[in-house]
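The chain is shown here.

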Amino acid sequence: MVKYNNHRELVLSEFKDMIDKKIDIKTSLLDVGSNDGYFAEPLAALGWKYIGLDADPKTDLGIKADMHNIPLSDNTIQVVFCSHTFEHSDKPVRLLQEFYRVLKGGGILFMVTPYPCDRQIFQMDKTHWFVLSDKQLGRLLYKTGFVPVDIHVNKNESEDPADWHVVCVANVM
């Protein structure tokens with residue numbers, strides 16, 4: 001296991017291993033919660049047609065919209081990339097349904113969230129509504145029509161669960 005120096009390194013490594021290396025023809029990737037385009041350059045460098053989505057009106061990158069109501073047609077996106085955004089949703093089932101709606105048949109959801117330890121749930125970011133375990137997230141994915149492919153905890157060589165992440169990949173059939 002490699003120890004990553006920052007969040008972006010960890011997420012991009014997981015993405016490359018779980019998604020990028022397995023897809024030859026790369027089309028559209030929707031980065032939900034893209035903010036200032038933190039992942040835009042490295043994902044575009046991998047060959048993805050990057051589309052950012054964020055509700056923040058100050059964001060200059062991509063689509064400005066609520067993630068629960070993505071202004072895209074059904075079945076248009078190959079990959080939904082959601083890093084540390086899901087936990088900010090007060091409607092996680094609705095959000096997963098929206099991801100499912102915009103993904104093409106065979107599309108992939110790649111998501112990274114904080115690990116649900118007491119410190120993360122009660123003392124960290126107060127804008128987190130739901131911090132789910134890998135098992136809870138897997139159940140929600142299944143209930144919303146996704147086929148979970150891989151859900152695991154990345155501990156990033158840390159003894160502190162507040163540094164851990166839940167990483168998941170799910171498909172649309």
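Which residue does Val79 stand opposite in strand 5? Val79 stands opposite Ile108.

## Basis of the model

This is a predicted model, in which local features need pLDDT of at least 70, side-chain atom pairs count only at pLDDT 80 or more, and totals for chains, interfaces and linings use all residues. Residues are numbered from 1 along each chain as its sequence is written, and side-chain values use heavy atoms, with hydrogens and water left out.

## Secondary structure and sheet

The chain has five helices and seven strands. Helices (H or I, at least four residues) and strands (E, at least two) are DSSP runs, numbered from the N terminus. Read from the N terminus, the order of elements is α-β-α-β-β-β-α-β-α-α-β-β.

The seven strands make an open sheet in the order 3-2-1-4-5-7-6, and the pairing is mixed. Two strands pair if DSSP finds at least two bridges between them. Strand 3 (63-64) and strand 6 (147-154) are the edge strands, each pairing on one side only. Strand 4 (residues 77-83) and strand 5 (residues 103-114) run parallel and are joined by six bridges. In general, strands of a sheet pair through backbone hydrogen bonds, either parallel or antiparallel.

## Phe99

Phe99 is part of helix 3 (residues 92-102). Its relative accessible area is 0%, so Phe99 is buried (under 20% relative accessible area; exposed is over 50%, partly exposed in between; 1.4 Å probe, protein chains only).

Leaving aside residues up to four places away in sequence, Phe99 touches Val32, Ile70, Val80, Cys82, Leu109, Met111 and Phe146; contact means heavy atoms within 4.5 Å. Ser89 is ten residues from Phe99 along the chain, and their C-alpha atoms are separated by 13 Å.

## Overall dimensions and contacts

The C-alpha atoms fill a box of roughly 40 × 35 × 30 Å along the principal axes. Of the 173 residues in the chain, 49% are buried. Among contacts between residues at least 6 apart in sequence, 65% join residues at least 24 apart.

## Surface and charge

The accessible surface of the chain is about 8,700 Å², and 51% of this belongs to carbon and sulfur atoms. Areas come from the Shrake-Rupley method with a 1.4 Å probe; for residues, only the protein chains shown count as cover.

The chain has 19 positive and 24 negative charges, with mean positions 4 Å apart. Lys and Arg count as positive and Asp and Glu as negative, while His and the chain ends are not counted. Each charge is placed at NZ of Lys, CZ of Arg, CG of Asp or CD of Glu.
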